[in-house]
Amino acid sequence: MRIAIVGGGPGGLYFAALVRQLDPAHEITIWERNAPDDTFGFGVVFSDETLGGIEHADIEIYRAMEREFARWDDIDVHYRGEVVTSGGHGFAAMGRRRLLQILQQRCAELGITIHFRSEAPPLDDLAAGYDLVLAADGLNSAVRRERAEVFGPSVETRQCKYMWLGTDLVFDAFKFYIAQTPYGVMQIHGYPYDATGSTFIVEMNDAVWRRAGFDRFAAHDFRPGDNDDESIALVRELFADVLDGFQIKANNSRWISFATVRNESWVDGNVVLLGDAAHTAHFSIGSGTKLAMEDALALAACLAEEPDVKSALAAYDAERRPVVLSTQRAAQASLEWFENLGQYVDQEPLQFAFNIMTRSRRVTYDNLRLRDPEFVERVDDWFAEHEARRGVTPPLTGSRPPMFTPFRLGSLTLANRVVVSPMDMYVAIDGLPGDFHLVHLGGKALGGAGLVMTEMVCVSPEGRITLGCTGMYSGDHERSWRRVVEFVHERTSAKIGLQLGHSGRKGSTRLMWEGIDEPLDDGNWEVCAPSPLAYSPANQIPRELDRAAMNRILEEFVAAAERGARAGFDLLELHCAHGYLLSSFISPIANQRTDSYGGSLANRLRYPLEIFDAIKAVWDRPTSVRISATDWVEGGITAADAVVVARAFAEHGVDAVDVSTGQVTKAERPAYGRSYQTPYADQIRNEVGVATIAVGAISSYDDVNSILLAGRADLCAIGRAHLYDPQWTLHAAAEQEYAGPGAVWPDPFRAGNRRPQGGRTDGPKPRLQLIRDGVSTTRHTRYRPAKESS
């Protein structure tokens, strides 16, 4: 094959070296517009997984890199005058310039042609004259720009500003320095790359950056290679205590707003994107160099394994895209965490350290416990003491996973932090809950959750979503619900909550399994909404509510709350999410009224708050409200709006905010992923100071423990995982070897409170136990540069 490579960075060079070794007959040419020793940045970091792939792919490159590595295991978090250390992480870093030299030398040994200080020939000529054209030309890829119609690139510029710097201060571990400056909170990401220096990245929110005056310095017209010396001088002054007399190094160092690059396709005929040209991920979870070299390894393997270029490029995309998307999701979570760093600066040092370690959701409670069990045990003990100190749980004895810490919600004490999320079952007849609901909710309560929530219970026949929805608008409904409540109270340690709602414009639709949100063929009832706007073109145009109709619905909510109180429910949740009636009042997508209930967010909140206040007047137990924290569509509710909504309900006396998202419009484009809604609960909890319930794609006890311990929510609502396993909470206790008051097995089930035995999978124990019990096995290696011999 004839292979043209545009860009002589690590990704392009590594690919060339690998492909040439797989078939020495390949003719490979690289064009690089910079000189051989030009490089921007300082160090690059690799994971053990990446290094394993490099070692097996090209042992010569690996050995050359290994000789240069700075290795260490610890992460130090410098925060509020304390240093909190977590070990067992495993890092390897080296200078970026030295890495380029190793790769350039390897390519020269293999006879690969490299044209430095040279622009590549026109792309059309390359595509016509070569079998494969690899675009490894970086973030500002000219190839990607020229073929944009096919690649479909998007570039999302974020809110933080950062600058790549170096220092001759050689750190001995990965360092996070969190600094409260006169302008706001700033942070340093630092790590050693060799015996002469460390990478020193300064980052801050855009608002802090402007208050510090960096925007004035950055307004200068810099030439390529110039440094922002005025900004660097202020950074040196602000972080003088960190530098302790050491110098800052600059290399084309100017302020940057991180840009996340995504492409709909990485392939156009025989042209393929690699590395930053195809995708970027925030530096806080690793280096772009690492991703580019992983791309190169995968593409080289696919070319060797597949019969032709077309098949190889398709295989490369299929292999790498899921990995990259997962990495980008983790990077997005990490960069958003740093954008919102200011909301965490009231956390105590141990919790803050755990929070920063788990910010990307890739490192979790269990993962940290494997790496550094002593650190996690310290944070566990702190959490139990802290929660007792702030009065949300009684004093505790003995260590336990955070999810089994009790929680005081108003006058209600929950045995643990697990909530069975409200889930519509669609099996009621005329709104009446029956045996199914008794078994469904009773079974979940027997399964150990601290709080079990009903599905959305509708306040009127017209307020139902479907003919199968439950209601609380008759004496029969009240009596049937009392039967469920009494079972939960008599047979389990759980509490049970009633969620009240009205379907609004999303009513009169089919059962979920017959076509979710699709209108009924017959038996329709008229739907209502704040404005005559249909949920979708297929749904009814709703009747706009007038004041009289709004008063009538308010009275229906009050009557349902009174019935719920008499039925014995422990908590009442008002459903103001998912595009149902009260949610549609809050969202500007559904509410386009011109009276005092439309327009501003304060006006759109007026009716939901009136209903909440009226319910509070007849309900003497704890309350929560479920909200949609974003509509996932332009012009809809945003995260900032959600904070205002939550604060308004908190001021009206709500005890907790159940933070969901979306389902307000069919045009939504949710960013699905593991725990994808938790950041909204996190922001509300830390900005408003109200208890929050996190919900949405939380399915493992590991995630629950991580969310709670990091201070992102107070409770976690688990839905589908409870459908899969009604004893989810008790099984989580058994898996974690916890037996205590936070997970009470019903007496008839107690014999099954341990995981059933399976086939033996462990190996024989060593005859001599060299590592004694009680002795730390956590690696706490620090980087110690080798001293030169005299």
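Helices (H or I, at least four residues) and strands (E, at least two) are DSSP runs, numbered from the N terminus. By that assignment, Gly184 belongs to strand S12 (residues 184-194). The model is predicted, so local features need pLDDT of at least 70 and side-chain atom pairs count only at pLDDT 80 or more, while totals for chains, interfaces and linings use all residues. Residues are numbered from 1 along each chain as its sequence is written, and side-chain values use heavy atoms, with hydrogens and water left out.

Gly184 has a relative accessibility of 15% and therefore counts as buried, a term that means under 20% relative accessible area, with exposed over 50% and partly exposed in between (1.4 Å probe, protein chains only). Apart from neighbours within four places in sequence, Gly184 is in contact with Ala179, Val208 and Arg211, where contact means heavy atoms within 4.5 Å. The C-alpha atoms of Gly184 and Ser584, which are 400 residues apart along the chain, are separated by 37 Å.

Rings of Phe, Tyr and Trp (its six-membered ring) pair if their centres lie within 6.5 Å, and planes under 30 degrees apart count as stacked, over 60 as edge-to-face and the rest as tilted. By this rule the count comes to 30 aromatic pairs, two of which are set out below.

| Pair | Centre distance | Plane angle | Class |
|---|---|---|---|
| Tyr79 and Phe352 | 3.9 Å | 5° | stacked |
| Phe176 and Phe338 | 6.1 Å | 35° | tilted |

Because Tyr79 lies in strand S5 (residues 75-79) and Phe352 in helix H14 (residues 349-357), their pair ties together parts that are 273 residues apart in sequence; both residues are buried. Phe176 in strand S11 (residues 174-181) and Phe338 in helix H13 (residues 309-339) likewise link distant parts of the chain, 162 residues apart, and both of these residues are buried.

Helix H18 (residues 475-491) and helix H20 (residues 547-567) pack at an angle of about 40°, with their axes 8 Å apart. That angle makes H18 oblique to H20, since angles under 35 degrees count as roughly parallel, over 145 as roughly antiparallel, 65 to 115 as roughly perpendicular and the rest as oblique. In this packing, Gly475, Glu478, Trp481, Arg482 and Val485 of H18 meet Arg563, Arg566 and Ala567 of H20. By class, the contact has three nonpolar, one polar and four charged residues, with Ala, Val, Leu, Ile, Met, Phe, Trp, Tyr, Cys and Pro counted as nonpolar, Asp, Glu, Lys and Arg as charged, and the others, Gly among them, as polar.

Technical notes:
Axes are lines fitted to C-alpha atoms, for helices over the stretch in contact, and angles run from 0 to 180 degrees between N-to-C directions.
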